[in-house]
Amino acid sequence: MAKKRPQTKAQRPQLTEGEIPVVGAREPCPCGSGRRYKACHGRAAAHAVTELVQRPFEGLPGEGDWVALRELVPAATVELPLKDGLPEGVPSVTLATVLPMAWPALRRDDGSVLLGLQNDTPSGDISRDLADTLLRALAAEPGTPVQARRAPADGPRMQDLLDPQGTFEPVVHSGFEFWVPDPENATPEVAASLERANAAAIPTVKLAGADAAYWCETPEKNHLRWVMPYPEERLLDALARLHAAGRSSLGEGTRLVGSFRAHGLTVPVWDLPSGVSAEDVEKPAAEFADRLAGALASDAPLTADERRARGGLTNRQVTLS
């Protein structure tokens, strides 16, 4: 028998981490390991895309309002100032809670951009997905919507695109007429979507004297939902101190009923009698903010009553995101 020739392996090129391209999940990994991409370098890439960012709006002006518009407010808009200014042909960029047909973004006929906030996002970083959608909207042809896609893992975030010195001042609307410049002449499809959205919208008002506090009206009772920027454990301790002392309400017939987490922030919720309007709660909310500041400043151990109050608040806490 002929002798077998010794097998020699061709020298594979050595690629650095930054040089490894993205290929199909079932294709051989370009790094030369012999494994499929999804089981090799694709694993880290997939993790980077899907890893949940707990506070996606951290560092943006008005973080609490970003959370509120994402989770609480039916119809609102905010003008967004871009770090590098508006591109030529784009008169304005406006963040909206939701757009017709749940479009992620829309480039209007006049070149202005509407960016939708209350959309499902394909990655774990809402800020990165929004930034990717915004950049595509800025480059889209006027009069066209922008479809959803998974943003590149190394793409910019909204923190990279917006002016860090800019303001974030939501305007809350009673309906969704801001969708179209001339609602009376909207297409039948958009008009039907507008009618459905208006019928489902819960009346909501932003308090003038408290950051990220929103009153809303429901058939049974009204509510105040207040997005707060403080660390969760410290805030719960402070709320427990006030609750145990009988100082957590916003006036007669009102009650602090619990809180929920949303995008890394805590949102206390009060039940209000149906007759209590947003205007009625402005002064009590300002007075509560003063009481809360004092409770937040305390580092004394919680008393037994305060621990029980904290346990009750924690048991009624829900995580939205």
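**Reading a sheet and its aromatic pairs**

Modeller: Let us start from one residue of this predicted model: tryptophan 270 is buried, because its relative accessible area is 0%, and buried means under 20%.

Biologist: Which ring pairs edge-to-face with that of tryptophan 270, and how is such a pair described?

Modeller: In general, a pair of aromatic rings is described by the distance of the centres and the angle of the planes. Here the ring of phenylalanine 288 has its centre 5.1 Å from that of tryptophan 270, and the planes stand at 80°, so the pair is edge-to-face. Since tryptophan 270 belongs to strand E11 and phenylalanine 288 to helix H7 (residues 278–297), the pair ties together parts 18 residues apart in sequence. Phenylalanine 288 is buried, as is tryptophan 270.

Biologist: How many aromatic pairs does a search of the whole structure find?

Modeller: The search finds seven, including a tilted pair of tryptophan 226 and tryptophan 270, with 6.0 Å from centre to centre and 45° between the planes. This pair links strand E9, which holds tryptophan 226, with strand E11, which holds tryptophan 270, and the two residues are 44 apart. Tryptophan 226 counts as buried, at 6% relative accessibility.

Biologist: In what sense do strands E9 and E11 pair?

Modeller: Strands of a sheet pair through backbone hydrogen bonds, either parallel or antiparallel. Strand E9 (residues 222–226) and strand E11 (residues 265–272) pair in the antiparallel sense over four bridges, and asparagine 222 has leucine 272 in E11 as its bridge partner.

Biologist: What is the strand order of the open sheet?

Modeller: Its six strands run E7-E8-E9-E11-E10-E12, with mixed pairing. Strands E7 (204–206) and E12 (317–319) stand at the edges with a single partner strand each, so one side of each has no neighbour in the sheet.

Methods. Residues numbered from 1 in each chain as written. Predicted model: local features only at pLDDT ≥ 70, side-chain atom pairs only at ≥ 80, totals over all residues. Heavy atoms only, no water. Pairing = 2+ DSSP bridges. Phe/Tyr/Trp six-rings, centres within 6.5 Å; stacked < 30°, edge-to-face > 60°. Buried < 20%, exposed > 50% of the residue type's maximum accessible area, 1.4 Å probe, protein only.
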